[in-house]
Amino acid sequence: VILFDQRGCGKSTPYASLDNNTTWHLVADIERLREMAGFDTWLVFGGSWGSTLALAYAETHPERVSELVVRGIYTLTRAELDWYYQFGVSEMFPDKWERFCAPIPVAERGRHDGGLPQAADRHRQKGAARGGKAWSSWEGQTITLLPEPATSDKFGRG
Amino acid sequence: VEWVHEEPSYFQSSINIDRGFCARCGTPLTYRQPDGLEIAIGAFDDGAIWSPRFRSTISSGCHGSTRSLRSRLDDANYYTRQEHIVSFQHPDHEVENWPAHGLRVMTNLRTFYPEIEPFETGMLDVGDGHTIYWERVGTKGAKPAVFLHGGPGGGISPKQRRCSIRRFTT
């Protein structure tokens, strides 16, 4: 298996850079890796965001995909985003949702106006620590149904 | 491995093993296991160029050097892993569906395979000022596969090297 850190992630450089870093840049990178390894076709495996990327790659280069394995499928549609970041999961984990929203002023939470981009910006603008941590903890604490500190603690860290 | 005449057909005898054989005459040719590909001496034009280096079965390993035996005794997880093997071989009694590839009822949550180090790593310049880190794990020459991590932004971790697909992949 070839595993790699997508642009801006892990040991890839420059770290956390969002310049020239779109889904389609990543799809092109997967092709570069395939060519580097000299494979004609390969099995493509992806989970969560990786499932979106796997589907985008498979749709762009179907002739290169011998098998497609996706788990934890999440395709970033508006409905899925709203479910996770606006209303839905918020009802399953109301306490955690409250902590997630804490960095955002009440008047600006705007659940009903497609507020995800605003919420994301709001968290980013907090600059570092608090907003980012709240964002990450929300994901870490809702990724399992029952609390799993060993899993969620990793998300809240710097 | 390069097959000069014709690649074997394969039978996946368990989740960890596939066995290669000649589809024309039935001769067994290969045995692919997680640590590598074993090739029958008879598959070579001149089998006499090879001579035994070690014996690999426990029952016959009382004397002589048995590298395999020693590694098994040192490996605390060996028997646990053996118990996790799911066989696809015929069960010795009549069943409705056989071979039944992929028709397994999951009775226990599967766990990750043992820790594994990449056999190759590198940095690939992809342009736009970006360089990406990659690593390869599995069995060289086996089925090609690529792993796409989540996030976006998650990055890869050593645990992700331990998915079941690594057994047969490169």
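The model is predicted. Its largest nonpolar core has 22 residues and draws on elements of chain A together with strands of chain B. Chain B also holds an open sheet of four strands.

**The largest nonpolar core**

- Among the 22 residues of this core, the ones that touch the most other members are A:Phe4, A:Trp42, A:Val44 and B:Leu148.
- From chain A, strand 1 (2-4), helix 1 (23-37), strand 2 (42-48) and helix 2 (49-60) each supply at least two residues.
- Helix 2 of chain A gives the most, with six residues.
- Leaving aside residues up to four places away in sequence, A:Val44 touches residues of chain A including A:Ala54, A:Tyr57 and A:Leu68. A:Val44 also touches B:Val146 and B:Leu148.

**Helix 5 of chain A**

- Helix 5 of chain A spans residues 94-101, and its buried residues are A:Lys96, A:Trp97, A:Phe100 and A:Cys101.
- Viewed down the axis of helix 5 of chain A, these buried residues fall within an arc of 135°, so they line one face of the helix.
- An α-helix has 3.6 residues a turn, so residues three or four places apart point the same way.

**The sheet in chain B**

- The four strands of this open sheet have the order 1-2-3-4, with antiparallel pairing.
- Strand 1 (9-12) and strand 4 (36-39) of chain B stand at the edges; each has a single partner strand, so one side of each is left without a neighbour in the sheet.
- On average, neighbouring strands are turned by 20° against each other, direction ignored.

**Strand pairs and hairpins in chain B**

- Strand 2 (residues 18-21) and strand 3 of chain B pair in the antiparallel sense over four bridges. Across this pair, B:Phe21 has B:Pro28 in strand 3 as its bridge partner.
- These two strands form a hairpin with six residues between them. In the turn, B:Gly26 has a positive phi of about 90°.
- Strand 3 (residues 28-33) and strand 4 of chain B run antiparallel and are joined by four bridges. B:Arg32 has B:Leu37 in strand 4 as its bridge partner, and B:Gln33 has B:Gly36.
- Strand 3 and strand 4 of chain B form a hairpin with two residues between them.

Key. Residues are numbered from 1 along each chain as its sequence is written. Chains are lettered from A and ligands numbered from 1 in the order in which they are written. This is a predicted model: local features need pLDDT of at least 70, side-chain atom pairs count only at pLDDT 80 or more; totals for chains, interfaces and linings use all residues. Side-chain values use heavy atoms; hydrogens and water are left out. Buried means under 20% relative accessible area, exposed over 50%, partly exposed in between (1.4 Å probe, protein chains only). The arc is that of the directions from the helix axis to the C-beta atoms. A nonpolar core is a set of buried Ala, Val, Leu, Ile, Met, Phe, Trp, Tyr and Cys residues joined through side-chain atoms within 4.5 Å. Contact means heavy atoms within 4.5 Å. Two strands pair if DSSP finds at least two bridges between them. Axes are lines fitted to C-alpha atoms, for helices over the stretch in contact, and angles run from 0 to 180 degrees between N-to-C directions.
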